[in-house]
Number of protein chains: 2
Amino acid sequence: MRVHPRRAGDFVSGALDRAGALDRARALDAEDPLRELRTRFTMPHGTIYLNSNSLGPPPAEVTARVRETIESEWGTSLSAGWTARGWLDAPERLGDRIAPMIGAMPGEVLVADTTSVALAKLLGAALASRPERRIVVSSTDNFPSDLYAAAHAVNRVGAGLRVVDRSDLPSALDEDVAVCCLSQVDFRTGALLDLPGLTSAAHAAGALVLWDLCHSVGVVPVECQTNRVDLAVGCTYKYVSAGPGAPSFLYVRHDLQETLENPIPGWLGHQDPFRFDLEWEAAPGIRKFLTSTPPVLGLSALESALDVFTGVAIEDVRTKSMALGSLFVDILGAADVPGLELASPASAHERGAQVSLRHPRASELLQSAARRGVVGDLRPPALCRFGLSPLALSYEEVFLGADAVVEAARSLR
Amino acid sequence: MRVHPRRAGDFVSGALDRAGALDRARALDAEDPLRELRTRFTMPHGTIYLNSNSLGPPPAEVTARVRETIESEWGTSLSAGWTARGWLDAPERLGDRIAPMIGAMPGEVLVADTTSVALAKLLGAALASRPERRIVVSSTDNFPSDLYAAAHAVNRVGAGLRVVDRSDLPSALDEDVAVCCLSQVDFRTGALLDLPGLTSAAHAAGALVLWDLCHSVGVVPVECQTNRVDLAVGCTYKYVSAGPGAPSFLYVRHDLQETLENPIPGWLGHQDPFRFDLEWEAAPGIRKFLTSTPPVLGLSALESALDVFTGVAIEDVRTKSMALGSLFVDILGAADVPGLELASPASAHERGAQVSLRHPRASELLQSAARRGVVGDLRPPALCRFGLSPLALSYEEVFLGADAVVEAARSLR
């Protein structure tokens with residue numbers, strides 16, 4: 001496998017034979033402080049699931065938790081559940097459980113809406129708070145949905161969207177920029193952007209930052225507080241494993257909560273929703289960014305998924321995540337299959353939890369891997385993505401996954 | 001009980017003694033073509049639940065359906081479920097199942113977001129399509145969340161919001177009005193607005209209408225097509241019984257879908273989301289109003305709730321709904337308890353599925369009713385609301401509910 005030269009890092013080609021790799025995987029499993037967490041997820045028998053970048057696998061407890069919500073909460077408390085079962089407070093309560101995973105403080109995170117709606121809200125709020133600055137900056141490799149929302153948010157207020165190559169970001173940040181809106185992890189390559197550096201650069205230009213944490217939350221310690229991140233959004237259905245279309249979250253740094261206004265106000269973000277005032281009066285704190293009724297079944301599944309993270313230090317998760325990625329990359333590198341290239345940075349320090357490969361017959365490669373029980377996903381034409389969940393995978397499973405990908409690639413020659 | 005004079009209709013005071021009312025309820029149950037549907041819902045033992053205006057009770061099948069989605073779909077197909085299990089198409093597929101309930105055509109309804117977000121989308125789209133008209137009209141008794149969304153939507157584009165008494169609506173509709181935004185059923189009194197008449201009046205003034213159907217869907221035949229309704233939104237957690245915070249829906253009449261633009265565009269409303277274009281290109285039809293990932297667990301519960309409506313004519317539902325309301329009103333009227341007033345229109349033709357009562361000690365009255373196993377809800381200071389689900393209630397249960405409310409009111413004297 002050819003590692004793209006400009007990305008070459010700690011990848012050691014040829015240093016690892018198959019037996020050596022298996023030994024290394026087993027040794028890592030034996031020492032893994034997180035290894036018991038693997039039992040907290042259910043996976044179909046015979047499947048090595050390497051696609052948590054798309055959708056995390058179900059926590060083992062999730063059915064029981066959702067069943068309890070339906071039968072013991074909804075079925076017993078009925079409408080009284082809104083208060084008696086804490087449904088109304090769930091957006092803040094679960095936000096407070098996500099907060100430590102992204103280095104935020106209690107009261108800075110709210111679970112609500114979908115990622116794109118949450119992003120539209122925060123972009124709208126940020127643009128309205130900086131009327132003298134009329135540019136939103138983003139990068140060409142940002143997730144397109146973020147660009148669509150941004151393009152519309154700027155059009156609506158007569159501002160402009162400046163979408164540049166990632167390497168041109170520093171020079172794109174000038175005194176016209178209201179917000180710099182980026183994803184921390186590149187959804188195609190898994191490359192980890194320099195969140196501290198880009199946040200500082202944006203702040204130096206007087207701009208706010210809005211980070212999309214969809215591919216970070218649950219695997220990368222974001223350190224929002226340390227890095228003075230202004231705004232962020234993220235989903236919970238990838239490495240958090242809260243289920244297909246699980247609710248998203250938004251983060252607003254505490255000292256910005258007073259000045260920013262929710263551009264899609266709704267009754268549950270009102271100071272006193274049950275007074276049914278004709279006029280909007282924002283609730284204090286992060287609550288004002290809530291619009292409408294929380295999706296209780298989705299929140300229940302999210303609660304179950306967050307239970308798996310209880311007592312787990314996100315730094316330990318990151319350590320395992322990097323080691324899983326290195327094992328995967330090293331096995332593929334050592335196999336040296338012609339046509340197979342590493343599309344991710346070679347250094348684990350420069351990746352999120354995802355390793356991407358490039359192959360001219362990527363679709364066939366993934367089909368062949370799938371026949372061997374290994375699930376990744378395709379970004380046509382040539383990209384294969386493998387998202388390695390540090391909680392839901394053992395090192396040995398990642399060994400088996402990489403081994404099957406090697407076999408699949410060899411079968412295409 | 002005093003019926004507010006201007007509302008007096010087919011209420012017949014004193015004509016119905018307790019035994020007569022019970023006989024009438026049992027006779028109606030015996031003839032009820034929908035009576036078997038009562039078994040499709042689970043209710044706590046000993047509870048007469050009259051609060052479906054707030055949250056419908058769980059369909060009996062919902063746990064099994066959601067469990068199947070978690071275990072057999074998510075747990076087995078994992079990320080392949082997006083296509084293999086039809087998750088991606090669910091917003092349109094379930095929209096097509098709601099369509100006949102509101103008199104819409106296939107392809108006119110999409111399940112997505114929350115009601116207030118859906119309303120903000122459609123209002124934004126409508127305002128952008130009528131740049132020469134800068135007023136949104138609504139009424140003081142509209143659901144406040146709709147007014148909050150409307151106030152912000154107009155502010156954003158330099159337009160204005162004209163909120164008038166319901167009786168002044170016809171004169172408020174002039175050539176400046178872009179959209180007339182109303183709820184079909186008054187959330188306080190259950191009064192049914194004249195949707196055909198107000199829609200015609202808005203059209204005569206050249207305005208679009210946007211109807212909030214939260215308290216209509218599943219109980220009132222809205223007839224969107226017949227009435228040439230332009231836009232509508234609604235929730236599915238009241239009379240549709242899809243669960244707390246279940247996904248909402250939006251309706252855009254087919255001939256408006258081409259000209260209206262989604263103001264919160266996202267990747268899943270893109271013509272080809274998986275091409276990951278930098279530029280937004282709207283999907284054809286109603287799909288363009290989708291923004292982001294569908295909430296699969298909530299949609300699964302909704303599917304289960306819609307199954308209960310399969311083969312049920314909404315006209316039959318309305319017939320039973322009116323008869324349930326009349327029974328409830330007649331029993332309360334006949335009891336003639338001092339202090340207790342009917343806050344709803346006396347004629348069933350002028351009500352949705354909800355009967356509201358006024359009492360100076362409304363909170364105590366509801367507590368007393370609750371001790372008798374009857375659940376309604378309070379709108380302080382003096383309003384008690386009883387939402388009568390025609391699918392989830394028998395006539396005899398409504399008799400028992402009304403009887404307990406009478407006893408509760410008498411106990412306060």
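## Chain B against chain A

In this predicted model, 60 residues of chain B are in contact with 60 residues of chain A. Contact here requires C-beta atoms, placed from the backbone, within 7 Å. Four helices of chain B each supply at least two residues of the side that touches chain A: α2 (62–77), α5 (115–129), α6 (144–156) and α9 (296–309). α2(B) gives the most, with nine residues. Helices (H or I, at least four residues) and strands (E, at least two) are DSSP runs, numbered from the N terminus.

By class, this side of chain B has 33 nonpolar, 21 polar and six charged residues. Ala, Val, Leu, Ile, Met, Phe, Trp, Tyr, Cys and Pro count as nonpolar; Asp, Glu, Lys and Arg count as charged; the others, Gly among them, are polar.

## Two domains in chain A

Chain A is divided into domain 1 (2–31 + 313–411) and domain 2 (63–309). The bounds come from an automatic or database domain assignment. The C-alpha centres of the two domains of chain A lie 31 Å apart.

Their contact takes 22 residues from domain 1 of chain A and 16 residues from domain 2 of chain A. On the domain 1 side, α10 (314–335), β11 (354–358) and β14 (383–387) of chain A each supply at least two residues. α10(A) gives the most to that side, with five residues. The residues of the domain 1 side divide into 10 nonpolar, seven polar and five charged.

## Conventions

Residues are numbered from 1 along each chain as its sequence is written, while chains are lettered from A and ligands numbered from 1 in the order in which they are written. Local features need pLDDT of at least 70, side-chain atom pairs count only at pLDDT 80 or more, and totals for chains, interfaces and linings use all residues.

Notes: Contact = placed C-beta atoms within 7 Å.
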